[in-house]
Amino acid sequence: AARAGRVALGDHERAHVLQYVVLGPLFLPVYFLGGGVSVSNPLERAADFFALTGKGWWPWPRRGCRYH
């Protein structure tokens, strides 16, 4: 887990794996359209949040789903 606001790299990358499972071949185009490796990229923000909290790996609200 993360300490003092530091993001655990393995957990951060695990979030990207989960995002890739959902987006498939669209992951890279969506990632780069979102800003690439940047704090403004929603996929990166969600991965950081997941690494810090263990939840919230999907960056956009999902209808009818309690978990994201």
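This note goes through the predicted model point by point, from the overall fold to single side chains.

1. Overall fold. The protein has three helices and zero strands. Along the sequence the pattern reads α-α-α. The chain holds 68 residues, and 31% of them count as buried.

2. Contacts and surface. Take the contacts between residues at least 6 apart in sequence: 45% of these join residues at least 24 apart. The protein exposes about 4,800 Å². Carbon and sulfur atoms supply 63% of that area.

3. Helix α1, geometry. This helix covers residues 9–23, which makes 15 residues. At 1.5 Å a residue it should span 21 Å.

4. Helix α1, buried side. Which residues of α1 are buried? They are His12, Ala15, His16, Gln19 and Leu23. These residues cover an arc of only 100° around the axis, which puts them on the same side of α1. An α-helix has 3.6 residues a turn, so residues three or four places apart point the same way. The buried residues of α1 pack against α2 and α3.

5. Helix α1, other side and end. Val17 and Val21 sit on the other side of α1 and are exposed. Gly24 follows the helix. The phi of Gly24 is positive, near 55°.

6. Asn41, location and burial. Asn41 lies in the loop between α2 (27–33) and α3 (42–53). Is Asn41 buried or exposed? Its relative accessible area is 1%, under the 20% cut-off, so Asn41 counts as buried.

7. Asn41, partners. The side chain of Asn41 reaches the backbone oxygen of Tyr31 at 2.9 Å. Leaving out residues up to four places away in sequence, Asn41 touches Tyr31, Gly34, Gly35 and Gly36.

8. Aromatic pairs. How many aromatic pairs does a search of the whole structure find? It finds five. One case is Trp58 with Trp60: the ring centres are 5.4 Å apart and the planes stand at 75°, so the pair is edge-to-face. The angle clears the cut-off of over 60 degrees for that class. Elsewhere, ring pairs link Tyr20, Phe27, Tyr31 and Phe32 into a cluster.

9. Trp58 has 11% relative accessibility and counts as buried. Trp60 has 34% and counts as partly exposed. The edge-to-face pair therefore joins a buried ring residue to a partly exposed one.

10. Trp58, setting. Trp58 belongs to the segment after α3. A polar atom of the Trp58 side chain lies 3.1 Å from the backbone oxygen of Trp60. Trp58 and Trp60 are thus linked by a polar contact as well as by their rings. What separates Trp58 from Val22, in sequence and in space? The two are 36 residues apart in sequence. In space they are 9.2 Å apart, C-alpha to C-alpha.

Note on methods:
Residues are numbered from 1 along each chain as its sequence is written. This is a predicted model: local features need pLDDT of at least 70, side-chain atom pairs count only at pLDDT 80 or more; totals for chains, interfaces and linings use all residues. Side-chain values use heavy atoms; hydrogens and water are left out. Helices (H or I, at least four residues) and strands (E, at least two) are DSSP runs, numbered from the N terminus. Buried means under 20% relative accessible area, exposed over 50%, partly exposed in between (1.4 Å probe, protein chains only). Contact means heavy atoms within 4.5 Å. Accessible areas come from the Shrake-Rupley method with a 1.4 Å probe; for residues, only the protein chains shown count as cover. Rings of Phe, Tyr and Trp (its six-membered ring) pair if their centres lie within 6.5 Å; planes under 30 degrees apart count as stacked, over 60 as edge-to-face and the rest as tilted. A polar contact is a pair of N or O atoms within 3.5 Å; within protein, one must be able to donate a hydrogen and the other to accept it, and residues adjacent in sequence count only if both atoms are side-chain atoms. The expected span of a helix is 1.5 Å times one less than its number of residues. The arc is that of the directions from the helix axis to the C-beta atoms.
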